[in-house]
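Have a look at it first, then come back to the points.

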Amino acid sequence: MTDSSATVRPDRRAEIAAGLDQVRARIAGACADAGRDVAEVTMIAVTKTYPAGDVLALAGLGVTDVGENRDQEAAGKAAEVAAAGVTPRWHFIGQLQRNKARSVVRYADVVHSVDSVRLARALGTAAADRERPLEALVQVSIDGDPARGGALPGSADPGSGLEPVAEAVAAAPSLRLAGLMAVAPLGWAPERAFERLAEVAEAFRTLHPGASALSAGMSGDLEIAIRYGATHVRVGSALLGMRPTLR
């Protein structure tokens, strides 16, 4: 974290409140344009590199869902926020190594980045002692680039095909298959990426009708993601300002 103190200055709280108002207005406008109920879309405040105090400020402003993408930062931050008596719904949204599964399941309520059968099984084992199942979204590779993570739609690969990964999640009693997640590939227009994702999601729901969550869209393209059916948008810089440099 950039600051170990779970406090927030009044001016910082005001800055966050202003950003939150703007993002909520954007989401409401995008839902209106798409003919959707704003209640269908959950905003996840992505707080990576920001201090625990910002999470407390967000919670005080009514934000219930918080996202992190590095376990080494998220674990300590979640503990610090909990020690302050605040319990947001934590979403792990970054690429996840299997050896971090046991740590992540201690604080995360949702993992968005399950992209292999081996990871699904590791999470299932690590989550076995949880009181409630861990919600899991299968990350979809839109362009097939392995460096960016994601299971491959239409692939029968037993380790990384979309359906084998989904089946591994669904088969684990300690996990709940919640839906899909994707990141727009570099060099792709958001419209092209999210239209493709919507096609994959439609086919996926015919096989897994209860897995309706679709995590897509960030600060720069959330309106387009909502147009194509996103139920969760992951917003960082538009909400909290430019990120500090990662250390």
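1. First, the ground rules. This is a predicted model, where local features need pLDDT of at least 70 and side-chain atom pairs count only at pLDDT 80 or more, while totals for chains, interfaces and linings use all residues. Residues are numbered from 1 along each chain as its sequence is written, and side-chain values use heavy atoms, with hydrogens and water left out.

2. Start with the largest pocket, which holds about 500 Å³ of space. Its lining has 23 residues, and K48, N69, I93, V183 and M218 are the closest to its centre. By class, that lining has nine nonpolar, nine polar and five charged residues. (A pocket is an open set of points on a 1 Å grid over the protein atoms alone, where a 1.4 Å probe fits, with protein on both sides within 12 Å along at least five of seven lines; lining residues have an atom within 4 Å of a point. The volume is the space filled by probe spheres set on the points. Nonpolar takes in Ala, Val, Leu, Ile, Met, Phe, Trp, Tyr, Cys and Pro, charged is Asp, Glu, Lys and Arg, and the others, including Gly, are polar.)

3. The second largest pocket has about 260 Å³ of space. Here 15 residues form the lining, with W90, R106, Y107, A108 and D109 closest to the centre. Two elements give two or more residues each: α3 (71-83) and α4 (101-107). The largest share, four residues, comes from α3. (Helices are DSSP runs of H or I with at least four residues, strands are runs of E with at least two, and both are numbered from the N terminus.) The class count is nine nonpolar, one polar and five charged residues.

4. Now look inside. The largest nonpolar core has 74 residues, and among those with the most contacts inside it are I27, V111 and L180. Helix α1 (residues 10-34) gives the most to this core, with seven residues. (A nonpolar core is a set of buried Ala, Val, Leu, Ile, Met, Phe, Trp, Tyr and Cys residues joined through side-chain atoms within 4.5 Å; buried means under 20% relative accessible area, exposed over 50%, and partly exposed in between, using a 1.4 Å probe and protein chains only.)

5. Helix α6 (residues 162-171) has several buried residues, including L162, P164 and V165. What covers the buried residues of α6 includes β4 (110-114), α5 (117-126) and α7 (190-207).

6. Is D54 buried or exposed? With a relative accessible area of 3%, D54 is buried. It sits in helix α2 (residues 52-60), and its side chain makes a polar contact of 2.7 Å with that of R12. (A polar contact is a pair of N or O atoms within 3.5 Å; within protein, one must be able to donate a hydrogen and the other to accept it, and residues adjacent in sequence count only if both atoms are side-chain atoms.)

7. R24 lies in helix α1 and counts as partly exposed, at 38% relative accessibility. The R24 side chain reaches the backbone oxygen of L61 at 3.2 Å. R24 and L239 are 215 residues apart along the chain, yet their C-alpha atoms are separated by 9.5 Å.

8. Last, check T49, in the loop between β1 (42-46) and α2. T49 is not a glycine, but has a positive phi of about 70°. Most residues other than glycine have a negative phi. T49 is also buried, at 4% relative accessible area.

Technical notes
Contact means heavy atoms within 4.5 Å.
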